[in-house]
Structures are given as structure tokens and as C-alpha cells.
Amino acid sequence: MTRVLCIEDEPTLLRTLGANLRARGYDIDLVGTGELGLEIAAKKKPDIVIVDLGLPRMSGLEVIRSLRQWTQIPIIVLSARDTEFDKIGALDAGADDYVSKPFGMGELLARLRAALRRAIPSDETPRVETADFTVDLQARRVTTRSGEAKLTPTEWSLVDVLVRNAGRLVTSRELLKAVWGPEYGNETNYLRVHMTHIRRKIEPEPAVPRYFLTEAGMGYRFVTSADTQTDR
Ligand code: CA
């Protein structure tokens, strides 16, 4: 049974979410504050978290940052603040998707299912196969048609983060923080250089990447085939 944790301070919306999710067979935990949300998340290990950005005291953004220190489970953000800045802030902090209030329950449920489909179970170490190469995250090995690609530790870390988030846009800030450390975030030139090296070693046509895609001004996305590129 899929366990969903909802963190929302509007009691009516929280009840509506609970009723709709329960009716569709999800196992749910409903909480009204970020503090309680983090406590329940650690205790019950939900499969996905829905979090409101505008929470009293601890904000939704802080909740996302805190969760991302220990878990990669999907996070969907709800917010009344529909600005590009808030969206990017939430994605930067590690949210997977964003639904603006007011929203239809059908839309939220569709986003929820999509996020769950993309999620890689955290207890499994994935092995990803494409038409041109295989990435084995456990063995830390990339095998192309011409043999094993020799990646540096930095290149490997980037590939690891992107492959674990296959299909999802990983922002430049997120990548820099994950690979170089929390004090990084603006060194997008590091990413450009290393991504070029990665493409040369792995992509069949490095100048026309098919797998390690650049999302201009945003970040990077790893896709396993042409189909997933339509899922933008
Ligand atoms: Ca709120």
C-alpha cells in the first residue's frame, strides 16, 4: 500500500485531501505543521510527501530542505503563491513537482501517480539500460558499445545524481550542492565543463546529446529513451 504524507495547515483542504486519497486506496498521514510532518516522515517512511509551501513557523521550503538531507522520496508542493520564483525555489530545494492552488483533485492525483512512477525505490540500486549504454550504480560502472567508460569521481557523482533522478529536471544548484557540497550553487561553469566530458565518454554523439540533456537556464535531465523526452 502506498503511504502518502500530507502537510497542510488549512484543515478543510487537509480533510479533502485525506478523503480523496483514502478513497483511492492510499494509506495516509495528515498533519498541519512542518515540524510534525518531519517527525512522521522519519517514523513512518512515506512513499511520497505532499507539502504546502505556506505553513506556520517552519515553511514548506524548510520542510523540503530537511527531508532532502536524508531521503529522495518524491515531494509535491502545493502553493497559493504562483510565481516563477517560488516554483524554482521549491524545485531547487528538491521538490519534484508543483501544483498551484486552487487545483482540481484530478490534477493532483495525476501528478501524484506520475511522481510515484518516476520514483526509484530507495532500497534498490538501479541499473539503467539505454539503447547505447548501461549504467550500473552499484558497481559504479558505465558500459558503452566501445567498452567501459572511465569516469572521474566527479563525473561519476554527476552521473549518479542524474540517473537516480531519471526523467526529472535536476536544477544546477541541486547538482552543485549534491556533488560539490552545500556551499556551492552558482558555479554553473563547473557543470558545463564536466557535462561535456561525460557526454564525450558516454553519449553516442556527444555534440547532440540524447541522454544527458541540458535544460537551458535551469539544469540537466537524464532520459533513458526518446519517449521520456516528451514528459516535460
Ligand atoms: Ca497554507
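This is a predicted model: local features need pLDDT of at least 70, side-chain atom pairs count only at pLDDT 80 or more; totals for chains, interfaces and linings use all residues.
**Aromatic pairs, sheet packing and a calcium site**

A search of the whole structure returned six aromatic pairs. One of them joins F133 and Y211 in an edge-to-face arrangement, with 4.8 Å from centre to centre and 75 degrees between the planes. This pair links distant parts of the chain: F133 belongs to strand β7 (residues 133-136), Y211 to the loop between α8 (188-202) and β11 (212-215), and the two residues are 78 residues apart. Both F133 and Y211 are buried. W180 takes part in a further pair, with Y190; the ring centres are 5.3 Å apart and the planes stand at 65 degrees, so the arrangement is edge-to-face, because angles over 60 degrees are classed in this way. W180 is located in the loop between α7 (172-179) and α8, and Y190 in helix α8, so this pair ties together parts 10 residues apart in sequence. Y190 has a relative accessible area of 31% and is partly exposed. A single aromatic cluster is formed by F133, Y211, F212 and F222.

Strand β7, which carries F133, is part of an open sheet of four strands with the order β6-β7-β8-β9 and antiparallel pairing. The edges of the sheet are β6 (127-129) and β9 (147-149), each of which pairs on one side only. Direction ignored, neighbouring strands of the sheet are turned by 20 degrees against each other on average. Three bridges connect strand β8 (residues 141-144) to β9 in the antiparallel sense, and T144 is placed opposite G147 of β9. Helix α6 (residues 153-164) packs on the sheet, where it touches β6, β7 and β8, and its direction makes about 95 degrees with that of β7. Helix α8 lies across β7, β8 and β9 and runs at about 50 degrees to β8.

The largest nonpolar core comprises 24 residues, and I202 and F212 have the most contacts inside it. At least two residues of this core come from each of β7, α6, α7, α8 and β12 (219-222). Helix α6 supplies the largest share, six residues. When residues up to four places away in sequence are not counted, F212 touches F133, V159, L162, M195, I198, R199, I202, E203, R221 and F222. A second, separate core holds 21 residues, among them I40, L55, V77 and A93.

The calcium ion is coordinated by D9 (OD), D52 (OD) and G54 (O) at 2.2 to 2.4 Å. The donor residues follow the spacing D-x42-D-x1-G in sequence. D9, at 32% relative accessibility, counts as partly exposed. D52, at 3% relative accessibility, counts as buried, because the buried class covers values under 20%.

How values were computed
Residues are numbered from 1 along each chain as its sequence is written. Side-chain values use heavy atoms; hydrogens and water are left out. Rings of Phe, Tyr and Trp (its six-membered ring) pair if their centres lie within 6.5 Å; planes under 30 degrees apart count as stacked, over 60 as edge-to-face and the rest as tilted. Buried means under 20% relative accessible area, exposed over 50%, partly exposed in between (1.4 Å probe, protein chains only). Two strands pair if DSSP finds at least two bridges between them. Axes are lines fitted to C-alpha atoms, for helices over the stretch in contact, and angles run from 0 to 180 degrees between N-to-C directions. Contact means heavy atoms within 4.5 Å. Donors are N, O and S atoms within 2.8 Å of the metal (3.2 Å for Na, K and Ca); water is not among the atoms, so sites may look incomplete. A nonpolar core is a set of buried Ala, Val, Leu, Ile, Met, Phe, Trp, Tyr and Cys residues joined through side-chain atoms within 4.5 Å.
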